[in-house]
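Here is a short briefing on nonpolar cores and helix packing. Please look over the sequence and the structure before reading on.

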Amino acid sequence: MKTFCGRANPTTGAMEWVEEDENYDYHQEIARSRYADMLHDKDRNTKYYQGIRAAVSRVKERGEKAIVLDIGTGTGLLSMMAAAAGADFCYAIEVFKPMANAAVKIVEKNGFRDKIKVINKHSTEVTVGPDGDMQCRANILVTELFDTELIGEGALPTYEHAHKYLVQEGCEAVPHRATVYVQLVESKRMWSWNKLFPVRVEAEDGEKIIVSPSEVEKCPGVPSVCDIQLNQMPSSDFTILSDVVTMFSVDFSKPVRSASACYRVQLEPVRSGKAQIVLSWWDIDMDPSGTINCTMAPYWVKSTSASQWRDHWMQCVYFLPNEEPVLQGEQLYLTACRDEYSVWYKLQKAREEENKADVRVESPVCRCQAHLLWNRPRFGQLNDQNRTCQYVKSLMKVLKADSVCLCVSDGSLLPVLAHHLGAQQVFTLENSAVSCSVMQKFFKANNLEDKIKIIEARPELLTPSHLKDQKISVLVGEPFFTTSLLPWHNLYFWYARTAVSRHLTSDATVLPQSASLHMMIVEFQDLWRIRSPCGTCEGFDVRTMDDMIQNSLNFRESKEAEPHPLWEYPCKSLSDPQQVLTFDFRETVPPHGLSTEGSVHLLRKGQSHGAVLWMEYHLTADISISTGLTQISNEKGNCEWNPHCKQAVYFFSSVTESQTLSEFSTAVKYAINFDTKTGEIAMDFKLLETTG
Ligand code: SAH
């Protein structure tokens, strides 16, 4: 079956109807799934195996048959572990049909057809009884339904239901328990992801400061979890204010309650400072005694944690509703509240503790809308004062006293900069009701409501009357658009520039004047694992899964670059960075495509896992901004990346197709093509080896 889906093209802005194969979503989900990453997670797998073996023996020692319920079996891995450990029978439940099908094949291939029954249902639909999916209730409950926040994938309601209907009282559970830990910190860097700090603008007539509306300042932000690779956060970027504290635990062998709950702990700051952030992670004990423990603790808590790399479980950053000065040794109460799927925090001083009425804490809801318009990296970017300086310097070069300026970017502060730097008239084109409303609040808070005019229109619908019959002499953009996923999607600015051409004066300045696409060949420390086939996992043949992922990657031959924030994923450069394409914003988008090919010489020995691509914006002839590489920090080729942007990663087939990775490639041939009609960038790479 084919369906047509309407969507705006992120680069060209054109509305298009795409014919979606009914399998399209499946293939996307599988190709970009975390299954491979989980299968590569040796630490997780070995501990599950140990825990499952121990649980099966405990049941057998009691003289009972070991009947296993594996909820969310995925590849069938945990059920196969149980069967291999001597379980009598396993019910393997999987809601996602393509995975359930894969599990059937994998189970069969590994010879467990008689021991494992794969059931393609959500666990809450599973029936028990002589004619049911399960003959009887299980006495071993095995699951891996956890996300970085532990409960975000619905583990609690699933356990609650399973204890009521699918397992026996007193069952063994693997994992046996999970515990959530927290640590209070001060961190300007992380705090800048949720609050907008005053933005300083050095204008010729003195310093101007752009302030946040109080509504934005007081807003707690959005409830979605902020999960990051905390091991990549240097210790100089935060100050620890408390010891690690146990916040709450869940015993999975007993009935679990998913209803909302609050947990409160007392803590004494080890240092005075500003309490802003709660860092959090969890561990799971695979057995009741807690001897088999799998932890997400960051490097300063557990020094070996960096060697247990994984991307499917990371650490959480929670923003307190407001920053709170705290004193070393004073009594504080930290409250964690959760509903079925998410957790949030509140800090209280001991003396307020008397006031018990206030124990229930509301979940954070953004009312100011700024947190809906700007995601966390975007807040970080807007708070980057160095970046603002580059825009200020370049605007100063191009603005004149009679400049009529139009800004095209979503929720940008550039119009305010342009006003402060002396433009006569400033217009800003905002694409959505949310961005209009947020910008209005900002202009009001800075007494600029009558200085900057907001136009809510798409660029092609801009009319002279929007512009009060004036021509634009300076067109500016960061560029930044909320619809951009890959770096080059911000080329939408070029299309918008083309659409507003007739409103520009004949000698109008366009800032940035151009952009360029850059590329570098890298060896990842760990990220390659997420796309690399597994072969066998703990002795089980999971190649069916590898093939399935490969098949999805090849679906419609749509192997594509994918966005990753590389500050979280260390890599070393194997080549010099190369500029591969340029886009001249002073001209309109050409009707023909842009393409390039060539080869990059590899300077360092290493495994060529892929190419990283990013955009640089040339604001003026001599001022540029990189959204990718900022520096190669040492002779080993370690890279530093713009911390506010995602870069594009194209994994080579040597990673995705389990070929033996060659250390001996000397060059990489590339062909890159930008189709100006579709806005898509297609690329092809070939590793070259010198022979002889
Ligand atoms: N057990 C596998 C896969 C874990 S991923 C392993 O450890 O490698 C979790 C899987 O659980 C996903 O495939 C998801 O589709 C499935 N899932 C989550 N909740 C479920 C539920 N309540 N019932 C059935 N499947 C569920």
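Which helices do the buried residues of H15 pack against? They pack against H1, helix H2 (35–39), helix H5 (97–109) and helix H16 (653–656). The model is a predicted one.

**Helix H15**
- Eight of the eleven residues of H15 are buried, so this helix is largely enclosed by the rest of the structure.
- The buried residues are Thr 544, Met 545, Asp 546, Met 548, Ile 549, Gln 550, Ser 552 and Leu 553.

**Packing of H1 on H15**
- H1 spans residues 24–31 and H15 spans residues 543–553. Their axes lie 8 Å apart, at an angle of about 120°.
- That angle makes H1 oblique to H15.
- The crossing of the two helices is left-handed.
- From H1, His 27, Ile 30 and Ala 31 take part in the contact. They meet Met 548, Ile 549, Asn 551, Ser 552 and Leu 553 of H15.
- By class, this contact has five nonpolar, three polar and no charged residues.

**Nonpolar cores**
- The largest nonpolar core has 112 residues. Leu 69, Phe 146, Leu 334 and Tyr 345 touch the most other members.
- Strand E15 (residues 273–285) gives the largest share of this core, seven residues.
- Leaving aside residues up to four places away in sequence, Leu 334 touches Val 182, Met 247, Tyr 263, Arg 264, Val 265, Leu 267, Val 278, Leu 320, Tyr 345, Lys 346 and Leu 347.

Key. Residues numbered from 1 in each chain as written. Predicted model: local features only at pLDDT ≥ 70, side-chain atom pairs only at ≥ 80, totals over all residues. Heavy atoms only, no water. Core = buried A, V, L, I, M, F, W, Y, C linked by side-chain atoms within 4.5 Å. Buried < 20%, exposed > 50% of the residue type's maximum accessible area, 1.4 Å probe, protein only. Helix = DSSP H or I, 4+ residues; strand = E, 2+ residues; numbered from the N terminus. Contact = heavy atoms within 4.5 Å. Axes fitted to C-alpha atoms, helices over the stretch in contact; angles between N-to-C directions. Parallel < 35°, antiparallel > 145°, perpendicular 65-115°, else oblique. Left-handed = near helix turned anticlockwise from the far one by under 90°. Nonpolar A, V, L, I, M, F, W, Y, C, P; charged D, E, K, R; others polar.
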